[in-house]
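Look at the sequence and structure first.

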Amino acid sequence: MTKDVKVKAPKKRKSASLERRKARGGWIFVAPFVIGFLLIYLPMVVDSITYSFNTIKVIPGVGYELIPVGWANYYEALFDDPDYLQTLIKGLQTLALDVPMIIIFSLFMAVLLNQKMAGRAAFRAIFFLPVILSTGIMEEIRASNAFTEYAGSTEGIDDGSGQNASSEIVSSMDVERLFSGMAVGEGLVEYVAQAINNIYNIVNRSGVQMLIFLSGLQSISPAIYESVQIDGATAWETFWKITFPMITPMILVNVVYTIIDSFTTNSNQVMVFIQNMYTENNVLSSAMAWIYFLVVILILAVVSAIMSAFVFYQRRD
């Protein structure tokens, strides 16, 4: 009699799911940042928080000693220092004016650059060029250029006639007369005039936002536009009922990016004030920096919560 020999089938090796492989790939890409953050940046953050709750006593020949003072540095920054709170309020006012200007301008230019026209790629590169010129050593070169300093200032260039270039731009366009005929408030007139005088900085800080808006516009299916054209929708209706709702996620991203970029740029008056204070009193400057950080986080949370209620996310079934 022959005995039946049982042969065990080889076990199938479980392969990782696509989501897990993507997750591992993502961690590999962010690993350099995570390692650098844990080893370099995080200790500096801890030291900064520690200094903000202490005062430094210099011991000759030994070094220094940290003496805990609780919330004294924060109290001094908010209530004893006469300039910090005023500078912070002015910075918030500037932010409230600059962010809408940058978002509106970048969206307007993205819609134009998304149209079919000759030299479209060249125009896109031209509008993104200021982003490259405002980084690293190019920023130092630009800062030392007298012409760009005049162009970026609200005072403009004095041509010897007692008027500056920026005021000539506003008067030539006659913004006040234009809006007075439309019976609008003086606040809107001043806002438009300030936007015109600040057009140099707006263009310089709109390059990244334009690219984000362009990517959002190009992700909209052409079939949607074809269907609304067949239904007889005008370009105005198409923009407000199709284009604008579809790019609201990009608007939220750009608003968050613009706020962070405005708060952390080297030209921000609050950042300059904190850096100057560091040379005089580094523990007080640490407290000011953390107050500034908490204000930024609070503004981002409020803006994101409000705008998230109006964001439209397209379903992809």
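## The buried side of α16

In this predicted model, α16 contains the buried residues Val-283, Leu-284, Ser-285, Ser-286, Ala-287, Met-288, Trp-290, Ile-291, Tyr-292, Val-295, Val-296 and Leu-300. The elements that cover these buried residues include α1, β1 (54–59), α2 (72–80), α3 (84–113), α14 and α15.

An α-helix has 3.6 residues a turn, so residues three or four places apart point the same way.

Helix α16 is built from 27 residues. From its first C-alpha to its last it reaches 38 Å, close to the 39 Å expected at 1.5 Å a residue.

The N-terminal end of α16 is capped by Asn-281. A side-chain oxygen of Asn-281 lies 3.4 Å from the backbone nitrogen of Val-283.

## Ser-52

Ser-52 belongs to helix α1, which covers residues 18–52. Is Ser-52 buried or exposed? Its relative accessibility is 0%, so Ser-52 counts as buried; the cut-off for buried is under 20%.

Leaving aside residues up to four places away in sequence, Ser-52 touches Gly-70, Asn-73, Tyr-74, Val-283, Ser-286, Ala-287 and Trp-290. Among these contacts, Val-283, Ser-286, Ala-287 and Trp-290 are also buried residues of α16.

## The second largest pocket

The second largest pocket holds about 760 Å³ of space. It is lined by 23 residues, and those closest to its centre are Tyr-41, Ser-48, Ala-289, Trp-290 and Phe-293. Two or more lining residues come from each of α1, α14 (248–264), α15 (269–280) and α16 (282–308).

Which element gives the most to this lining? It is α16, with nine residues. By class, the lining of the second largest pocket has 15 nonpolar residues, seven polar and one charged.

## The largest cavity

The count comes to one cavity of 30 Å³ or more. The largest cavity has a volume of about 30 Å³. Its lining consists of Leu-113, Arg-124, Phe-127, Phe-128, Gly-207, Met-210, Leu-211 and Leu-214. The elements giving two or more residues to this lining are α4 (120–133) and α11 (207–218).

The most comes from α11, with four residues. Six of the residues lining the largest cavity are nonpolar, one is polar and one is charged.

## The whole chain

The protein chain has 16 helices and two strands. Of its 317 residues, 26% count as buried. Among contacts between residues at least 6 apart in sequence, 62% join residues at least 24 apart.

Terms used. Residues numbered from 1 in each chain as written. Predicted model: local features only at pLDDT ≥ 70, side-chain atom pairs only at ≥ 80, totals over all residues. Heavy atoms only, no water. Buried < 20%, exposed > 50% of the residue type's maximum accessible area, 1.4 Å probe, protein only. Contact = heavy atoms within 4.5 Å. 1 Å grid on protein atoms, 1.4 Å probe; cavity = no way out; pocket = protein on both sides within 12 Å on 5 of 7 lines; lining within 4 Å. Points joined across faces, edges and corners; volume = space filled by probe spheres on them. Nonpolar A, V, L, I, M, F, W, Y, C, P; charged D, E, K, R; others polar. Expected span 1.5 Å × (residues − 1). Polar contact = N/O pair within 3.5 Å; in protein donor to acceptor, adjacent residues only side chain to side chain.
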